[in-house]
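User: Please take a close look at one part of this model for me. I would like the aromatic contacts first, and then whatever surrounds them.

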Amino acid sequence: MKRRQVLLGGAALCVSQVAACAGPGKPYSGVDSLVRAAVKKGEAPGVVVAIGHDEKIVHRFVYGRRALVPTPEPLDWDTHFDMASLTKPTMTALAVMQLVERQKLQIDDRVSQYLPEFSVNGKGDITIRLLLTHYSGLPPDIPLNDPWSGKAEGSRRVLTSPLINPPGEKFVYSDINYIALGLLVEKLSGLSLDLYARLNILDPLGMTNSGYLPAVSLRPVIAPTQYDEQGVMLRGVVHDPTARRMGGAVGNAGLFSDAKDMSVYAQALLDRLKGRPSHFPLRQDTLKLMITPQQPAGKTELRGLGWDIDTHYSSPRGDVFSYHSFGHTGFTGTSLWIDPDSDSYVLILTNRVHPSGGHSVVQLRHDIATAAGRALGLSAPV
């Protein structure tokens, strides 16, 4: 649906831990100009950007609105966003790799060893690795053209899904892969996915503003997404329709967070990779597996275990960050791209789907990353 054209105003907030607000002649003015232009063109109601480098946030910029309807609301640094598919690498894949470290499973185990119902329709030999890298052969999603609902029914449809390609043959980004991985985490941990993430990821990292199924009391600080099928504005309720039908806390989507907490996550991840003190809840060697190519041999769409490395989805790398960099996006308009070579990250948070479906921010992500990389002194990827 084409988004309603709404006149956008909105003041900008630009506060940095180490740098003043970028203006003409200042290093991040290009980033800020891109954000202003995107909001004024209606690509998103508002944008929050955080750029990290050398163990600190070197620039942050907030511009536009948190909400356009029914009443315009100013955007601020503390606004919570529906992270959408950023949930996949940051929570679900991390949870799976924690289970690997605890010797509960191995990534080349067959999924059906732990979820026997998964073996039907030719899926018996699909491994956990193939789910993590989106080379399973499963379709992008389970059908939504009939009015099913509930965790049990959604799980049944995931586990009994047919294939669209032979396992290992082709990269097809699939929510089914990560819903199945979430079910696997719940089966082996004995905890719901939201509680597992709270106890094993969010609390250890100190991400106090993040979680699944946010309380109603938090809705005023949550950026709304769009009208649901009944014409109700989604606010504090997961946007992804499959996750919503399954109760809101599943493996493909459901995390709500803000720029502060996501910056904490990105920095802790970089610190662990660099061997610095870190609360990131994974060993360095395990984390390195996650962020290096793990797809089947000979395949050219490069995926880590949860993270995108070099596929047709990799535009948030921009033109200058390293080919060792990695990241992910979320359908609602979120993205995080991390570059260990330059010790940097770029976090972009929007609710681009608000109020009625939204516009693409694919080019905006690319351009912000390019401008940020050049401001950091990078010139060409290696």
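Which residues do ring pairs link into a cluster?

Analyst: The cluster consists of Tyr135, Phe171, Tyr173 and Tyr313, linked by ring pairs. Some ground rules come first. This is a predicted model, in which local features need pLDDT of at least 70 and side-chain atom pairs count only at pLDDT 80 or more, while totals for chains, interfaces and linings use all residues. Residues are numbered from 1 along each chain as its sequence is written, and side-chain values use heavy atoms, with hydrogens and water left out.

Across the whole structure, the search finds 6 aromatic pairs. Rings of Phe, Tyr and Trp (its six-membered ring) pair if their centres lie within 6.5 Å; planes under 30 degrees apart are stacked, over 60 edge-to-face, and the rest tilted. Tyrosine 135 and phenylalanine 171 make a tilted pair, with centres 5.8 Å apart and planes at 45°. Tyrosine 135 sits in the loop between α3 (128-133) and α4 (151-159), and phenylalanine 171 in the loop between α4 and α5 (175-189), so this pair ties together parts 36 residues apart in sequence. Helices here (H or I, at least four residues) and strands (E, at least two) are DSSP runs, numbered from the N terminus. Tyrosine 135 and phenylalanine 171 are both buried. Buried means under 20% relative accessible area, exposed over 50%, and partly exposed in between (1.4 Å probe, protein chains only).

Tyrosine 265 and phenylalanine 280 form another aromatic pair. This one is edge-to-face, at 5.4 Å centre to centre and 85° between the planes. Tyrosine 265 belongs to helix α8 (residues 259-274) and phenylalanine 280 to the loop between α8 and α9 (284-290), so the pair joins parts 15 residues apart in sequence. Tyrosine 265 is buried, at 1% relative accessible area. Phenylalanine 280 is buried too, at 2%.

Rings also meet charges. The rule asks for NZ of Lys or CZ of Arg within 6 Å of the ring centre and within 35 degrees of the ring normal. Arginine 60 lies over the face of tryptophan 77, 4.0 Å from the ring centre. Lysine 123 places its charged end over the ring of phenylalanine 118, 4.9 Å from the centre.

Now back to α4. Its buried residues include Gly154, Ser155, Arg157, Val158 and Leu159. Helix α5 is among the parts that cover them. Lysine 151 lies in helix α4 and glutamate 186 in helix α5, so the bridge ties together parts 35 residues apart in sequence. Lysine 151 is partly exposed, at 31% relative accessibility. Glutamate 186 is buried, at 16%.

A salt bridge here is a side-chain nitrogen of Lys or Arg within 4 Å of a carboxyl oxygen of Asp or Glu. By that rule the count is 20. Another of them joins aspartate 76 and arginine 66, at 3.5 Å from N to O. Aspartate 76 is in the loop between β4 (73-74) and β5 (80-82), and arginine 66 is in strand β3 (residues 56-67), so the pair links parts 10 residues apart in sequence. Aspartate 76 is partly exposed, with 28% relative accessible area. Arginine 66 counts as buried, at 8%.

Arginine 244 and glutamate 229 also form a salt bridge, at 3.1 Å from N to O. Here distant parts of the chain are linked: arginine 244 is in helix α7 (residues 241-245) and glutamate 229 is in the loop between α6 (193-205) and α7, 15 residues apart. Arginine 244 is partly exposed, at 22% relative accessible area, and glutamate 229 is exposed, at 55%. Elsewhere, shared partners join Glu55, Asp271, Arg276 and Asp343 into one salt-bridge network.

Last, the setting. The protein has 10 helices and 11 strands. Its radius of gyration is 20 Å, close to the 21 Å that the globule rule gives for 382 residues, so it is as compact as a globular protein of that length. That radius is taken over C-alpha atoms, and the rule is 2.2 Å times the number of residues to the power 0.38. The C-alpha trace spans about 60 × 50 × 35 Å along its principal axes. Of the 382 residues, 60% count as buried. Contact means heavy atoms within 4.5 Å. Among contacts with a separation of 6 or more, 66% come from residues 24 or more positions apart.
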